[in-house]
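Colleague: Could you take me through this model? I would like to start with the ligand and then turn to the helices.

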Amino acid sequence: MRSIVITGASRGLGLASAAHFYHKGWKVIAAMRSVESGMERLRSVTGSNGSSDKHDPRLIGVKLDLADSESIANAAQLILQQVGAPDVIVHNAGLAAAGSAEETPMAAWQQLFATNLFGPVELTKALLPAMREKGQGRIVVISSQGGIRGMPGISTYSASKGALERWAESMSHEIAPFGLGVTILVTGTFKTEILTEQTPDYGDHHGPYAKVYEGIHTTGREFVDKNASPPEKFAQALAAAVEDDAPIRRRTVGPDAAGLYFMARLLPGNLVHKIIAKAMKLPRRNALKDPSSIGRV
Ligand SMILES: NC(=O)c1ccc[n+]([C@@H]2O[C@H](COP(=O)([O-])OP(=O)(O)OC[C@H]3O[C@@H](n4cnc5c(N)ncnc54)[C@H](OP(=O)(O)O)[C@@H]3O)[C@@H](O)[C@H]2O)c1
């Protein structure tokens with residue numbers, strides 16, 4: 001029986017994925033901040049032994065706060081005790097934040113990088129010795145369109161996902177000789193709470209960037225309403241991704257992620273910049289230099 005560690009399994013894409021792998025017969029280590037409520041949700045979604053039996057050996061909840069080193073060390077120890085070296089780790093847990101680079105506070109930068117980058121790095125470091133010894137395993141990182149290209153209004157998030165991808169690429173060279181591989185799953189738009197008000201917005205919507213936010217928010221809302229896919233579709237793509245066996249593989253899930261990925265590969269950078277600005281209805285170049293022109297952008 002293969003084992004998989006999925007972080008952020010309390011809800012959203014992580015919850016759907018944990019349920020999917022459980023139904024496929026895997027031993028699932030569901031890592032999450034709030035184990036009690038998260039596991040109750042997961043047990044009810046999977047139908048694992050009815051919600052009263054908390055000892056299904058194929059569905060194990062592990063407490064993990066990626067912003068807390070002690071929690072990471074304890075989680076890693078528990079994972080090793082429960083399954084030894086896992087066959088797959090999925091770095092799914094993640095946070096987003098909205099707001100321009102100028103208006104997003106440093107505390108938000110630190111929180112996002114702690115959760116989206118430093119936490120996954122630390123958990124991986126703790127599990128790698130056992131995985132190397134086993135000589136087989138895969139590390140999957142969940143990236144985003146913001147990891148392909150810096151997107152406006154989410155620079156913190158884009159920067160953290162870009163960094164996550166570069167870390168994963170570097171590491172893939174180092175661990176391939178030990179029989180381990182890496183997959184980067186570039187994820188499009190899926191209906192989860194990350195797309196709601198749960199994600200903090202640090203932008204001042206009456207300040208200097210108001211027109212920039214207006215374009216992003218209008219086009220973003222329309223896009224999400226029309227195109228966000230159900231998390232179960234993501235889980236299916238993840239199930240294919242864990243079967244990769246190249247030292248490194250980059251995949252996309254969702255038509256928007258595929259579209260941006262190929263556009264960014266095929267077109268010159270300045271053209272991609274223009275296409276994104278137009279699609280997001282951003283004010284044209286120089287439009288906000290003169291405060292009196294704001295009504296005409
Ligand atoms: N949905 C999309 O459209 C989309 C698009 C591109 C990429 N992604 C990526 O997909 C992944 C999953 O996102 P989602 O859409 O499922 O979002 P979500 O519904 O907001 O779920 C985020 C998960 O991350 C966990 N988390 C947050 N901070 C944590 C921390 N410090 N330690 C441990 N866990 C933490 C949350 O746990 P709590 O329940 O404890 O808060 C939750 O389980 C993220 O990496 C996200 O960047 C999503």
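**Ligand shell and helix packing**

Modeller: Around the ligand there are 28 residues, and the closest are Gly8, Gly12, Arg33, Gly94 and Thr192. A residue is near a molecule if its C-beta atom, placed from the backbone, lies within 6 Å of it. The model is a predicted one: local features need pLDDT of at least 70, side-chain atom pairs count only at pLDDT 80 or more, and totals for chains, interfaces and linings use all residues. Residues are numbered from 1 along each chain as its sequence is written.

Colleague: Which elements give two or more residues to the shell around the ligand?

Modeller: They are α1 (12-23) and β5 (137-144). α1 gives the most, with 3 residues. Helices (H or I, at least four residues) and strands (E, at least two) are DSSP runs, numbered from the N terminus.

Colleague: How do the residues of that shell divide by class?

Modeller: The shell around the ligand has 11 nonpolar, 13 polar and 4 charged residues. Ala, Val, Leu, Ile, Met, Phe, Trp, Tyr, Cys and Pro count as nonpolar, Asp, Glu, Lys and Arg as charged, and the others, Gly among them, as polar.

Colleague: On to the helices. At what angle do α4 and α6 pack?

Modeller: Helix α4 (residues 106-134) and helix α6 (residues 155-175) pack at about 20°, with their axes 9 Å apart. Axes are lines fitted to C-alpha atoms, for helices over the stretch in contact, and angles run from 0 to 180 degrees between N-to-C directions. α4 and α6 are therefore roughly parallel to each other, a term for angles under 35 degrees. The crossing of α4 past α6 is right-handed, that is, the near helix is turned clockwise from the far one by less than a right angle.

Colleague: Which residues in α4 meet α6?

Modeller: Ala108, Trp109, Leu112, Phe113, Asn116, Leu117, Pro120 and Val121 in α4 meet residues in α6 including Tyr157, Leu164 and Trp167. Contact requires C-beta atoms, placed from the backbone, to lie within 7 Å. By class, the contact of α4 with α6 has 11 nonpolar, 3 polar and 1 charged residues.

Colleague: Is Pro120 buried or exposed?

Modeller: Pro120, which lies in helix α4, counts as buried because it has 25 C-beta neighbours inside 10 Å. The cut-off for buried is 20 or more other C-beta atoms within 10 Å, exposed is 12 or fewer, and partly exposed is in between. Beyond its neighbours within four places in sequence, Pro120 is in contact with Leu66, His91, Val141 and Leu164. The C-alpha atoms of Pro120 and Ile89, 31 residues apart along the chain, are separated by 9.7 Å.

Colleague: How do α3 and α4 cross?

Modeller: The axes of helix α3 (residues 69-83) and α4 cross at roughly 30° and come within 10 Å. That makes α3 roughly parallel to α4. α3 passes α4 in a right-handed crossing. Among the residues that meet are Ile72, Ile79 and Leu80 in α3, and Leu123, Ala126 and Leu127 in α4. The contact of α3 with α4 has 10 nonpolar, 2 polar and 1 charged residues.

Colleague: A change of topic: what is the phi of Lys281, and where does Lys281 lie?

Modeller: Lys281 has a positive phi of about 50° although it is not a glycine. Most residues other than glycine have a negative phi. Lys281 lies in the segment after α10 (269-279) and counts as partly exposed, with 15 C-beta neighbours inside 10 Å.

Colleague: And what is the phi of Asn286?

Modeller: The phi of Asn286 is near 70°, a positive value in a residue other than glycine. Asn286 is found in the segment after α10 and is exposed, with 9 other C-beta atoms within 10 Å.

Notes: Parallel < 35°, antiparallel > 145°, perpendicular 65-115°, else oblique. Contact = placed C-beta atoms within 7 Å.
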